[in-house]
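Subject: Structure for your review

Dear colleague,

Please find the structure below, followed by an account of what was found in it.

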Amino acid sequence: MITKIIYEQQGVSDQEVEVISLLFNDYDEVAEGDIIAEIETSKTVVEILASSKGLIKNSVELNSTIQAGDTIAIIGDSAEEIDGETDKEVKLDVSEKIEKSISAKALKIAKSNNLTEDDLKKLNITSVEELNEHIKSDMSDNSSSLNQDFFAQYTEQSSPKNKLSEIESLKLAQSKTLPCTCSILIEDFCIEAFSKKHNLYFNNIFPVLASICSDELMKYRNLNGFFHDNKKHIYEEVNIGFTLDADEYLQVPVVHNCEKLNSEELKNTFIELLTASITGKMTISMMSKPTFVISDLSAVGDCFFHTPLLAPYTSAILGTAIDKNTSRLSLTLTYDHQMSSGKEALLFLESIRTKLSI
Amino acid sequence: MSRDEISKIVNDIFTGIFKLENEVISNETNTDDVKNWDSLNHIILINAIENEFKIKFPLGEMADLRSIGDIIDSCMIKLEGE
């Protein structure tokens with residue numbers, strides 16, 4: 001009797017998975033329950049078991065990518081029967097799959113947090129999601145001795161001794177921001193008159209804002225950095241990114257060293273970056289290392305920008321929008337409260353308002 | 001190339017990009033008259049014209065082209081200079 005071992009999708013993002021090991025050669029004998037292969041899903045490694053005994057023939061290659069519904073192997077009573085490929089699909093029952101106790105990715109993250117495999121076993125953690133949940137809950141729960149141990153190690157390891165260049169993205173992703181938002185309005189703002197006065201490109205006020213912000217960021221330096229390892233990191237240069245909808249996804253091209261550019265140079269660099277995006281010539285370096293971001297909806301439509309979201313490695317983002325019905329320009333700043341006080345953020349906004357109104 | 005020839009090509013590119021069918025396009029048609037003639041579509045338009053005529057608009061000049069007439073005039077100057 002022929003038995004086909006079929007790959008069944010493990011999760012919504014696991015339509016395609018990779019075969020990372022095949023444990024039997026073609027025509028080897030297998031017993032029911034033997035592990036015949038391992039596949040790597042987005043979350044974990046899954047062992048595939050033989051659902052019957054007999055001779056096995058692999059239908060996939062090692063390190064190949066397979067899709068849900070693909071046959072991983074065929075088991076039959078004889079080589080002739082297997083080669084004859086008599087079909088009888090036996091779908092793998094979920095209960096017949098045994099996940100490895102802990103995924104490789106979770107182990108890697110745990111290690112970087114000084115958690116051992118035994119710690120994870122004690123906590124019954126097998127996946128990255130569970131581990132992240134645990135780390136989150138740890139933040140608010142100091143009752144468990146394991147948590148206390150974990151925190152002791154974490155604090156010790158996270159003391160501000162690392163250089164900026166040594167910060168790993170993984171650790172940064174685990175660092176917390178405390179985003180706060182404040183807004184300020186400019187009444188009686190006529191974009192057409194403003195555009196004419198500053199010779200704007202299609203009413204895009206980004207170059208003017210970037211010029212003003214780069215001056216102000218040299219004063220309000222906490223808004224031009226990021227918080228990590230219980231320490232403020234301040235950038236020397238001012239690289240201002242701007243948000244751009246390109247083919248239905250978001251790009252953040254960056255105008256580097258804004259503090260050294262005049263208004264005309266800022267405008268030309270802005271147009272250059274727009275052109276690069278539209279003509280498909282955007283490079284990684286054009287989108288790298290923003291130290292501050294401006295999200296400008298003023299040329300898009302009538303609205304109020306409520307909550308811009310902080311980009312990684314930054315401590316502030318300025319959102320701006322115009323409501324033409326009320327002739328109001330809104331400036332909304334989201335900032336990391338570990339870096340800046342509310343007063344500092346408001347003074348920054350107030351300075352921008354004053355300079356825009358001149 | 002005559003102004004009429006340039007004008008026809010520019011109008012064809014323009015109506016194609018902005019998907020205009022029955023609208024009347026003239027030299028006076030400007031960025032305020034066409035709904036989607038915004039900063040991004042302007043770059044698409046200028047890029048298409050540059051490719052068609054094998055010419056190049058400097059950034060500052062590109063930003064100042066605000067009407068069909070401006071674009072045709074600029075193309076004329078560049079093509080005559082070749």
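How many bridges join β18(A) to strand β19 (residues 316-323) of chain A, and do these strands run parallel or antiparallel? There are 4 bridges between β18(A) and β19(A), and the two strands run parallel. Helices (H or I, at least four residues) and strands (E, at least two) are DSSP runs, numbered from the N terminus, and two strands pair if DSSP finds at least two bridges between them.

This is a predicted model, in which local features need pLDDT of at least 70 and side-chain atom pairs count only at pLDDT 80 or more, while totals for chains, interfaces and linings use all residues. Residues are numbered from 1 along each chain as its sequence is written, and chains are lettered from A and ligands numbered from 1 in the order in which they are written.

Strand β18 and its sheet

In β19(A), A:Thr320 is the bridge partner of A:Asp296. Strand β14 (residues 240-242) of chain A also pairs with β18(A), in the parallel sense over 3 bridges; here A:Ile240 has A:Phe292 as its bridge partner. These strands belong to an open sheet of 6 strands with mixed pairing, in the order β11-β20-β19-β18-β14-β17 (chain A). Because β11 (179-186) and β17 (254-255) of chain A stand at the edges with a single partner strand each, one side of each has no neighbour in the sheet. The partner of β11(A) is reached through 8 bridges to strand β20 (residues 328-336) of chain A, and these two run antiparallel. A:Pro179 has A:Asp336 as its bridge partner in β20(A).

A residue is buried if 20 or more other C-beta atoms lie within 10 Å of its own, exposed if 12 or fewer, and partly exposed in between, with C-beta atoms placed from the backbone. In strand β18 (residues 292-296) of chain A, 5 of the 5 residues are buried, so the strand is largely enclosed by the rest of the structure. A:Phe292, A:Ile294 and A:Asp296 lie on one side of β18(A), with A:Val293 and A:Ser295 on the other.

Chain A has 10 helices and 20 strands, and 31% of its 358 residues are buried.

Chain B and the contact between chains

Two residues are in contact if their C-beta atoms, placed from the backbone, lie within 7 Å. The contact between the chains takes 11 residues from chain A and 11 residues from chain B.

In helix α4(B), the buried residues are B:Ile68, B:Ile71, B:Ile72 and B:Cys75. Seen down the helix axis, these residues fall within an arc of 95 degrees, so they line one face of α4(B); the arc is that of the directions from the helix axis to the C-beta atoms. On the other side of α4(B), B:Ile77 and B:Glu80 are exposed. Among what covers the buried residues of α4(B) are α1 (3-17) and α2 (39-53) of chain B.

With kind regards
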